[in-house]
Amino acid sequence: MINLISDTVTRPSDAMREVMMKAEVGDDVFQADPTVNALQEKAAAMFGHEAALFCASGTMCNQIAISVHTQPMDEVICEKLSHVYQSENGGYAFNSWAGIKLIDGEGGKITAPQVETAINLPFDWLPRSRMVVLENSCNIGGGTVYQLEEIKAISELCKKKNLRLHLDGARIFNALTETGDSPHDIGVLFDSISICLSKGLGAPIGSVLIGNQEFIAQARRVRKARGGGMRQAGILAAAGIYALDHNIKRLQDDHRRARIIGEQLAQMPQIENIRPIATNIMFFDVKPPLTAQLFLDKLKAYGILAAPFGLQTVRFVTHLDFTEQMLETTLEKLKVMSRE
Ligand SMILES: *Cc1c(COP(=O)(O)O)cnc(C)c1O
């Protein structure tokens, strides 16, 4: 089966398993796992920050960041398609007793003027605007990418208005692949950053939360309170280090393959409204009477798996385990389908 459901479906390669097997480990609750420490130091340095914390998931990183940055009755500002709003079970309320202010942006992206408009006046009956979350690349927004200047404007506004700025960088390396900026360039514009090792980078588990010493010290306490303190986690951190060392540069292949698939999709009479393909994510609609589910069933019969996002909308995602050979096969099958 060819799997285009998500870039989370990748499995650790033999070389990655090798470094995991050989990882030097210790008890990370005592901060005594050298491999976890090495991963955290590496990630912090990459993004120009003092410290970092290895966590079980991207959701855990985002949720810890919200808890550390906010107090009950504070408000988090983000775009309506953000993962923190759509896909974390309302954790901002459940974990942090915070509210949320949604911005109706474009392709999941927001602008500095939109953020400024979303900030509440300091009346004591209004939630206190406290934090802004940017997602880059934006997942449901279509894999869209922020330009550095757009982020700079938001970062300056947040400083001026005393708002914390968090980056949901689950796919930050996909975004940086397109803009050519370094992690450091973008990292210094944020108070905290979450990066996923288990998406495009191909590690089996894990995300890293990045920030200053004080932020990470508190994040560590919150992680422990949520049951996220891990012991010999170096086995997993080793996969993360391997992923950062070996699997960033190749993301350009995923993007190239996505664009080629996009060209084929554009030839198909059953398909419309293909969103601009900026990275490794493709969103498109199937024309009625065809539904997303019917289209996906047909696709599956040809050996290709993908995900529905609504009644008419389908998402494809390219990734590390989607090879050039699989690209050829996918294009062939789509050509056959377009003639049906
Ligand atoms: C996948 C993802 C996350 C984190 O997901 P986990 O499954 O919890 O690791 C966060 N933000 C975005 C945009 C994502 O796509």
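Predicted model: local features only at pLDDT ≥ 70, side-chain atom pairs only at ≥ 80, totals over all residues.
The seven-stranded sheet is open, and its strands follow the order β2-β8-β7-β6-β5-β3-β4 with mixed pairing.

Strand β6 (residues 164-169) pairs with β7 in the parallel sense over four bridges, and H166 has S192 of β7 as its bridge partner. Strand β8 (residues 207-211) runs antiparallel to β7 and is likewise joined to β7 by four bridges. Here, the bridge partner of S194 is L209 in β8.

Strand β7 is mostly covered, with five of its five residues buried. In a regular strand, side chains alternate between the two faces of the sheet. In β7, S192, S194 and C196 point one way, whereas I193 and I195 point the other way, and all are buried. Helix α2 (residues 34-46) lies across β2, β7 and β8, and runs at about 125° to β2.The loop between β6 and α8 (172-179) contains R171. The relative accessibility of R171 is 4%, and R171 therefore counts as buried, since the limit for a buried residue is under 20%. When residues up to four places away in sequence are not counted, R171 touches S6, D7, N136, S137, N139, K199, N280 and I281. One of these contacts, I281, lies in strand β10 (residues 281-286).

A further sheet is open and consists of four strands in the order β9-β10-β13-β12, with antiparallel pairing. Its edge strands are β9 (271-272) and β12 (307-308), each of which pairs on one side only. Strand β10 and strand β13 (residues 313-317) run antiparallel and are joined by five bridges; M282 stands opposite F316 of β13. Helix α12 (residues 251-266) packs on this sheet, where α12 touches β9, β10 and β13. The direction of α12 makes about 15° with that of β10.

Packing between helices was examined for α1 and α11. Two packed helices are described by the angle between their axes and the distance between the axes. Helix α1 (residues 14-21) packs against helix α11 (residues 234-246) at an angle of about 135°, and the two axes are 8 Å apart. This angle makes α1 oblique to α11. The crossing in which α1 passes α11 is right-handed. On the side of α1, the contact is made by A15, M16, V19 and M20, which meet I235, L236, A238, A239, Y242 and A243 in α11. By class, this contact of α1 with α11 comprises ten nonpolar residues, with no polar and no charged residues.

Definitions and conventions. Residues numbered from 1 in each chain as written. Heavy atoms only, no water. Axes fitted to C-alpha atoms, helices over the stretch in contact; angles between N-to-C directions. Helix = DSSP H or I, 4+ residues; strand = E, 2+ residues; numbered from the N terminus. Parallel < 35°, antiparallel > 145°, perpendicular 65-115°, else oblique. Left-handed = near helix turned anticlockwise from the far one by under 90°. Contact = heavy atoms within 4.5 Å. Nonpolar A, V, L, I, M, F, W, Y, C, P; charged D, E, K, R; others polar. Buried < 20%, exposed > 50% of the residue type's maximum accessible area, 1.4 Å probe, protein only. Pairing = 2+ DSSP bridges.
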